Amino acid sequence: MEEKIMIKTFTVGVLFALAAPLAAKTYEIDPVHSSVMFRIHHLVRKLPGNFTKFEGNFEYEKGNPKMWKAMASIDAASINTNNEDRDKHLRAPDFFDVEKCPKLTFVGVKVEEVKDNMAKLYGDLTMHCVTKPVVLDVEIGEEIKNPWGKMVLGVSAKTKISRKDFGISWNKILEAGGFVLGDEVEIMMDLEASPKEEAAPAKTATKQESKKIGPKGK
C-alpha cells in the first residue's frame, strides 16, 4: 500500500513539473557592445543618428515565445547626430523636449509570427511624453560564450514610426517645395546581452558566530 502511494505521489509530481511553465532567463543589455540608431530624411538624403545612453533587459527562452518579455529606457538627452548645434535643437521643445520628457521607453507586450529566429515584437513606445503601439521586427542570434567566459546573446530589431504620431512636428518649407525633414523615422537596434547574475544569498550566522555577537549585537 505504501509503495502504491509513493508511486502515485511521484507520478503526480512529474506531471506537475511538466505542466508548470519554465521560467525564462533574464538578459541585461550591455550598452558598451550595443547600439540604438535612427535615420530620417533630411533635405536630399537620410540623416543618421544614435543615442549613447540606454539600458534594458528582456526575458527569453528559446522556442517559447509566450515567455518573452522586453523593456528598455533611453536617455533622450544622449541623442547624437555629430553636430552639436543640431543636437541642442533636437533636445529643445521643438523636438524631444528633454527637460519635460527625459526618457524614451519601450515595453514589449506580445510576440507573434515566430519563424526560426525571426519574430514580431508588439509593444508600447513612449517618446516625447506620448505613448503609441509599435511593432519591432526582431532577429535573435545564438547564445555563445565570449572570450572572457561569459554567455552572451545577440538581438537585432528594427521598426519605422511617424514622428508626428508622437507630437514632434517641427519642419520648414523649402523654396523649391517640400520640407527640410521627413516624417518617417527608421529605428535600428543591435544589442548584446548577458544573463542577469543572481544576487548571492545572505550569509546566515553560525551558532558559534551568534554566541560571539551576543543577544544585543555586542
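This is a predicted model: local features need pLDDT of at least 70, side-chain atom pairs count only at pLDDT 80 or more; totals for chains, interfaces and linings use all residues.
Two residues are said to be in contact when heavy atoms of one lie within 4.5 Å of heavy atoms of the other.

**Val134 and its surroundings**

Val134 is part of strand β9, which covers residues 130-140. Once its neighbours within four places in sequence are set aside, Val134 is in contact with Phe106, Leu121, Tyr122, Gly123, Leu125, Ile161 and Phe166. Its relative accessibility is 8%, and because buried means under 20%, Val134 counts as buried. Val107 stands 27 residues from Val134 along the chain, and the C-alpha atoms of the two are separated by 9.9 Å.

**Strands that pair with β11**

Which strands pair with β11 in the antiparallel sense, and over how many bridges?

| Strand paired with β11 | Sense | Bridges |
|---|---|---|
| β10 (residues 144-145) | antiparallel | two bridges |
| β12 (residues 181-195) | antiparallel | ten bridges |

Individual residues can be picked out in each pairing: Asp137 has Lys158 in β11 as its bridge partner, Lys145 stands opposite Met151 in β11, and Val155 stands opposite Leu191 in β12. Between the strands of the hairpin of β10 and β11 there are five residues, and in this hairpin Gly149 takes a positive phi near 85°.

**The disulfide**

A disulfide is a covalent bond between the sulfur atoms of two cysteines. The model has one disulfide, which joins Cys101 to Cys129 with an S to S distance of 2.0 Å. This pair links distant parts of the chain, 28 residues apart, since Cys101 sits in the loop between α2 (84-91) and β7 (103-115), whereas Cys129 sits in the loop between β8 (118-127) and β9. The torsion about the S-S bond of Cys101 and Cys129 is about -120°, and the disulfide is therefore left-handed. As for accessibility, Cys101 counts as buried at 5%, while Cys129, at 47%, counts as partly exposed.

**The second largest pocket**

The second largest pocket has a volume of about 240 Å³. It is lined by 16 residues, of which Tyr60, Lys62, Gly63, Ile140 and Gly141 are the closest to its centre. By kind, the lining of this second largest pocket divides into seven nonpolar, three polar and six charged residues.

Conventions:
Residues are numbered from 1 along each chain as its sequence is written. Side-chain values use heavy atoms; hydrogens and water are left out. On a 1 Å grid over the protein atoms alone, a cavity is a set of points where a 1.4 Å probe fits but cannot get out, and a pocket is an open set with protein on both sides within 12 Å along at least five of seven lines; lining residues have an atom within 4 Å of a point. Grid points are joined across faces, edges and corners, and a volume is the space filled by probe spheres set on the points. Ala, Val, Leu, Ile, Met, Phe, Trp, Tyr, Cys and Pro count as nonpolar, Asp, Glu, Lys and Arg as charged, and the others, Gly among them, as polar. Helices (H or I, at least four residues) and strands (E, at least two) are DSSP runs, numbered from the N terminus. Buried means under 20% relative accessible area, exposed over 50%, partly exposed in between (1.4 Å probe, protein chains only). Two strands pair if DSSP finds at least two bridges between them. A disulfide is a pair of cysteine sulfur atoms within 2.5 Å.
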